[in-house]
Amino acid sequence: MTETIQKRINDSKAMRWTALILIALMMFFGYMFVDVMSPLQSLVEQERGWSPSVFGTYAASEYLLNVFGFLIIAGVILDKCGIRFTGELSASMMFIGAAIKFYAVSDWFPGTGLATWLDSWWITMPASAKLASFGFMIFGCGCEMAGTTVSKAIAKWFKGKEMALAMGLEMAIARVGVFAIFSISPILAEKMGSIAAPVGFCTALVFIGLITYTVFTFMDRKLDAQLGADGSNETSDEEFKVADLKNILTSQIFWVVALLCVLYYSTIFPFQRYGANMLQCNLDGISPAAASNIFRWFPIGAAVITPFLGSFLDHKGKGATMLMWGAILLIACHLIFAFVLPATHSHVIAYSTIVLLGISFALVPAALWPSVPKIIDEKVLGSAYCLIFWVQNIGLCFVPMLIGSVLASSNANNPAVIAAKEAGDEFIPYNYTMPLVIFACFGVAALILAIYLKAIDRKNHFGLEEPNIKA
């Protein structure tokens with residue numbers, strides 16, 4: 001029996017880390033597509049007539065179907081059908097949604113019968129924005145389902161091994177995708193003379209991600225054969241039942257983790273949509289490319305420190321404490337963006353704060369996701385991740401719309417904004433103080449929940465402060 005266990009494919013470091021790279025590449029390309037238009041807000045406003053509120057609605061569309069229950073269904077699919085089927089389904093949805101969005105922003109779309117019909121209703125939302133949002137909805141369903149599938153896959157392949165490090169590295173690789181696209185997107189748009197160029201480029205990468213995950217499924221099938229599983233439920237001999245969801249939804253610590261997740265991520269992903277434009281406005285109207293070059297360093301802090309944090313968590317623990325420090329850094333960064341940067345226009349402060357925000361982005365997810373298997377039964381782990389993502393998506397859906405509305409309303413009487421619009425200027429100098437204060441308030445709420453989570457763990461001994469690898 002011992003000899004059989006030693007020959008499992010995931011007992012080989014080379015094989016399990018190869019599996020990680022294959023599934024991480026899917027998320028790397030997915031993250032590139034998520035933010036491909038984030039550094040192009042001013043260009044989209046100029047080329048396609050998307051106002052800040054329209055851009056906010058488009059950004060929110062990624063999460064809309066997830067909020068209305070798709071992620072709950074995705075969790076059941078994941079626990080019923082396993083990581084192979086669910087991963088293939090999610091990667092396919094990502095590609096289909098990406099292709100629709102590419103068509104919407106391409107030069108082929110204007111003047112078509114579909115464009116004319118879409119322009120005939122809800123006239124404040126351009127036809128290109130409507131179709132792009134529809135494609136982004138489909139992509140968002142696939143991307144969020146892929147995120148939960150990847151988490152469960154890593155928990156399976158790295159159980160009792162370097163799980164936090166593996167999850168941290170997966171997140172780091174994915175976030176390098178944000179760095180890459182903030183570097184590439186403005187260049188492609190400028191060289192090709194259209195916002196469609198970077199979107200098409202990333203659509204092709206999403207298809208490559210589908211291929212890499214397909215390769216991983218052959219490896220996972222071999223692991224299941226060695227485990228004696230039939231593939232329908234890879235992580236438990238006990239059959240999953242939908243009624244088991246009640247155990248998740250009635251768990252106090254589950255809701256603390258889910259709310260902490262939604263508060264934290266609501267200060268990060270919606271901020272990414274507006275971050276480059278915020279820097280442009282707070283640094284004396286620098287070019288969109290220059291603003292993107294600064295903002296692209298945001299995920300680098302996370303990518304560099306995440307593997308070290310994962311290793312620390314595996315060997316030393318202190319996950320709940322990391323959540324608290326991540327929230328503190330988050331609050332500080334958004335307040336610096338709100339008050340210090342507009343007063344100083346300092347590029348040094350902008351760079352350092354962006355990197356510091358990236359470190360905060362590493363602290364929380366690196367501690368959060370490996371903690372979930374400690375509080376949730378393994379047979380419903382996929383559903384638990386999906387339910388957390390569902391709660392998270394509520395924030396990610398409505399916060400971009402909130403920020404877009406607040407940005408528009410708080411600048412309604414801004415003389416500089418009015419003058420720039422009347423003159424038809426390409427650059428609109430928005431004041432971002434109010435949106436950034438809202439982000440900081442989310443951070444304060446996250447800090448309070450992190451403190452409460454640590455108290456619950458101390459009382460109930462869930463092991464959130466304990467290492468993943470036992471000596």
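Colleague: Which residues does Trp369 touch, not counting residues up to four places away in sequence?

Modeller: Trp369 touches Met167, Met171, Cys261, Tyr265, Tyr385, Ile388, Phe389 and Gln392, where contact means heavy atoms within 4.5 Å. Please note that this is a predicted model, in which local features need pLDDT of at least 70 and side-chain atom pairs count only at pLDDT 80 or more, while totals for chains, interfaces and linings use all residues. Residues are numbered from 1 along each chain as its sequence is written, and side-chain values use heavy atoms, with hydrogens and water left out.

Colleague: And which members of the largest nonpolar core touch the most other members?

Modeller: Leu279 and Trp369 do, in a core of 163 residues. Such a core is a set of buried Ala, Val, Leu, Ile, Met, Phe, Trp, Tyr and Cys residues joined through side-chain atoms within 4.5 Å; buried means under 20% relative accessible area, with a 1.4 Å probe and protein chains only.

Colleague: Which helix gives the largest share of this core?

Modeller: Helix α4 (residues 52-105) does, with 18 residues. Helices are DSSP runs of H or I, at least four residues long, numbered from the N terminus.

Colleague: What lines the largest cavity?

Modeller: Its lining has 22 residues, and Met27, Tyr31, Gly147, Tyr265 and Phe389 lie nearest the centre. Two or more residues come from each of α2 (13-34), α4, α6 (127-157), α7 (163-192) and α17 (381-410). Helix α6 gives the most, six residues.

Colleague: A different spot, then. Is Asn282 buried or exposed?

Modeller: Asn282 counts as buried because its relative accessibility is 7%. Asn282 belongs to helix α11 (residues 269-282). A polar atom of its side chain lies 3.5 Å from the backbone oxygen of Phe337.

Colleague: What else is Asn282 in contact with, leaving aside neighbours within four places in sequence?

Modeller: Besides Phe337, Asn282 is in contact with Leu341, Pro342, His345 and Leu436.

Definitions and conventions: Buried < 20%, exposed > 50% of the residue type's maximum accessible area, 1.4 Å probe, protein only. 1 Å grid on protein atoms, 1.4 Å probe; cavity = no way out; pocket = protein on both sides within 12 Å on 5 of 7 lines; lining within 4 Å. Polar contact = N/O pair within 3.5 Å; in protein donor to acceptor, adjacent residues only side chain to side chain.
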